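Dear colleague,

Please find the structure below, handed over for your review. My notes on its ligand surroundings follow.

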Amino acid sequence: MTLIRNDWTREEIAGLFDLPFTELLFQAASTHRENHPPGQVQLCTLLSIKTGGCPEDCGYCSQSVHADSGVEATKLMDVQAVLQSAAQAKDHGSQRFCMGAAWRNPKDRDMPAIVEIVKGVREMGLETCMTLGMLTPKQADMLAEAGLDYYNHNIDSSPEYYERVISTRGFDERIETLDHVRNAGINVCSGGIVGMGETREDRVGFVHTLATLEAHPESVPVNALVPVKGTVLGDMLADTPLAKIDDIEFVRTVAVARITMPMSMVRLSAGRENMSEATQALCFLAGANSIFTGDKLLTAPNAGDDSDGALFAKLGLTALQGEEPARGLNPACNVSEAAE
Ligand code: SAM
Ligand code: DTB
Ligand code: SF4
């Protein structure tokens, strides 16, 4: 097993990004093989359980009230309707069911329904993941008690670039919620978005933040910005197409995440719809071992089961089976425990 470190310096991470591409990929693929079954990719399904009308001003998001994206606001879905969707996801071969709500934070009055959903989805034998915005320690404890396996809360970018994309909350508040999730004993899912107009240095700072957390997130989603018309970043990208992230630079980010966080599941998340098969194949080689399946993410279209099935067949990839650590901290991601 590879040594787990959380003392990476920015210089070291910048050095990885700077490696000749084939050397970087070789290192990332080697790290991947040492720690994960190569050729197996975890399938996750996303469901938006509360869409739109979010008071936050994240410049990339179609669900912000500050965006003019045409996404309609809905109330929190009925528990039974969520469970029905989860059952479908399971039938389609998903291992993990991820539920997202367009909230700054859940209100205490929402928690009983959320708890019921977590319990119901878990009873079906699916891993559960939720992303509901900022949590109080008490809310994190309630989710833990309900049996939530993962909580997704992205840091999105470097601390410096974060404040250029979002003004209604700070980077430190993101880290605070991650602490509450960790302290409650829920596995942490945290990553970000590449292609928001950030620099290479910001991508270094983004990976550096995650790789120097006391324990690495068990899941690290790497999203490519899905440019949505009516959002600040979607419109910026439409006006300046050259700002679109270069495919090779995207693959480099995946590779550096894999090398610095060897045990984590690195998820090739949003943006696959606009990615060639060859770029996705390079991401799998670079150590991505999880994807979202189905034809929809939260509000944006996704590649869809048919094209994913064809891609997996072409690449000889199979769905990850078998047990991941069911619940609680993955000791392998924890620097102090891994060193023992
Ligand atoms: N409201 C909660 C929050 O912000 O934590 C949960 C939902 S939010 C939609 C979950 C994540 O989706 C964001 O943190 C962001 O990383 C990602 N995301 C949202 N819009 C995106 C887009 N247009 N392209 C890529 N990723 C996006
Ligand atoms: C994550 O990092 N990516 C997913 C999940 N966590 C919740 C969300 C992607 C959202 C893409 C844009 C949309 O569907 O609106
Ligand atoms: Fe709201 Fe989350 Fe979208 Fe930000 S990313 S506007 S917090 S739903």
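In what follows, Ala, Val, Leu, Ile, Met, Phe, Trp, Tyr, Cys and Pro count as nonpolar, Asp, Glu, Lys and Arg as charged, and the others, Gly among them, as polar. This is a predicted model, in which local features need pLDDT of at least 70 and side-chain atom pairs count only at pLDDT 80 or more, while totals for chains, interfaces and linings use all residues. Residues are numbered from 1 along each chain as its sequence is written, chains are lettered from A and ligands numbered from 1 in the order in which they are written, and side-chain values use heavy atoms, with hydrogens and water left out.

Ligand 3: The shell around ligand 3 consists of six nonpolar, one polar and two charged residues. Its members are Cys54, Glu56, Cys58, Tyr60, Cys61, Ser64, Ala102, Trp103 and Arg169, where a residue is near a molecule if one of its heavy atoms lies within 4 Å of it.

Ligand 2: There are 13 residues around ligand 2, and Asn154, Asn223, Leu298, Thr299 and Ala300 come nearest. By class, seven are nonpolar, six are polar and none is charged.

With kind regards
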